[in-house]
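This briefing goes through one protein chain for a reader who is new to structures. Look at the sequence and the model, then read the points below.

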Amino acid sequence: AQIVFFLPVESDLPAGRSFGHIAITVGLSLFIQIITSTLVGATLPIAAKACKLDPAVVASPAITTFVDISGMLIYFGLALWLLGV
C-alpha cells in the first residue's frame, strides 16, 4: 500500500498532533458534509414545491451555495475543535 503525504514528513505540526489527527479531521468533516448535503438536497426541493416554486430552478443554486458554505464551516470548525489550530 502506498501512502501519499501532502505535507512533508518533517513539517512542523502543532504539539501533540500527528498526520493521523489530520486524517481523522478530514475524514470526519467529509462524512458530516455528505450527511448534511444529502439532507439539504432531499428537503430543499420538497420545501420549494410546498411554496409552489419550481424545485429544479430553486434547488440547484441553493444546494450548491449551502454545500459550499457548510463544507468550509464544518471543516474549519472540526479543525479548531480537534486540532486546536
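The model is predicted. The chain has two helices and zero strands. The two helices, H1 and H2, are roughly antiparallel to each other.

**The chain as a whole**

- Of the 85 residues in the chain, 15% are buried.
- Take the contacts between residues at least 6 apart in sequence: 58% of them join residues at least 24 apart.

**Helix H1**

- Helix H1 covers residues 19-50, which is 32 residues.
- The buried residues in H1 are Thr 25, Ser 29, Gln 33, Ser 37, Val 40 and Ala 48.
- Helix H2, residues 55-83, is part of what covers these buried residues of H1.

**Helix H2**

- Helix H2 has 29 residues.
- From the first C-alpha to the last, H2 reaches 39 Å, which is close to the 42 Å expected at 1.5 Å a residue.
- Ala 59, Ile 63, Ser 70, Ile 74, Leu 78, Ala 79 and Leu 83 are the buried residues of H2.
- These buried residues of H2 pack against H1.
- After H2 comes Gly 84, whose phi is positive, near 70°.

**How the helices pack**

- The axes of H1 and H2 come within 8 Å of each other.
- The axes cross at roughly 155°, and angles over 145 degrees count as roughly antiparallel, so H1 and H2 are described that way.
- The crossing of H1 and H2 is right-handed.
- Sorted by class, the contact of H1 with H2 has 21 nonpolar, nine polar and one charged residues.

- Ile 32 lies in helix H1.
- Is Ile 32 buried, exposed or partly exposed? Its relative accessible area is 30%, and the class between under 20% (buried) and over 50% (exposed) is partly exposed, so Ile 32 is partly exposed.
- Apart from its neighbours within four places in sequence, Ile 32 is in contact with Ile 74 and Leu 78.
- Ile 32 and Tyr 75 are 43 residues apart along the chain, and their C-alpha atoms are separated by 9.1 Å.
- Gln 33 is also found in helix H1.
- Gln 33 has a relative accessibility of 12%; buried means under 20%, so Gln 33 counts as buried.
- Which residues does Gln 33 contact, leaving aside its neighbours within four places in sequence? They are Val 67, Ser 70, Gly 71 and Ile 74.

**The loop between the helices**

- Lys 52 is found in the loop between H1 and H2.
- Most residues other than glycine have a negative phi.
- Lys 52 has a positive phi of about 60°, although it is not a glycine.
- Lys 52 has a relative accessibility of 76%; exposed means over 50%, so Lys 52 counts as exposed.

Technical notes. Residues are numbered from 1 along each chain as its sequence is written. This is a predicted model: local features need pLDDT of at least 70, side-chain atom pairs count only at pLDDT 80 or more; totals for chains, interfaces and linings use all residues. Side-chain values use heavy atoms; hydrogens and water are left out. Helices (H or I, at least four residues) and strands (E, at least two) are DSSP runs, numbered from the N terminus. The expected span of a helix is 1.5 Å times one less than its number of residues. Buried means under 20% relative accessible area, exposed over 50%, partly exposed in between (1.4 Å probe, protein chains only). Contact means heavy atoms within 4.5 Å. Axes are lines fitted to C-alpha atoms, for helices over the stretch in contact, and angles run from 0 to 180 degrees between N-to-C directions. Angles under 35 degrees count as roughly parallel, over 145 as roughly antiparallel, 65 to 115 as roughly perpendicular and the rest as oblique. A crossing is left-handed if the near helix is turned anticlockwise from the far one by less than a right angle, and right-handed if clockwise. Ala, Val, Leu, Ile, Met, Phe, Trp, Tyr, Cys and Pro count as nonpolar, Asp, Glu, Lys and Arg as charged, and the others, Gly among them, as polar.
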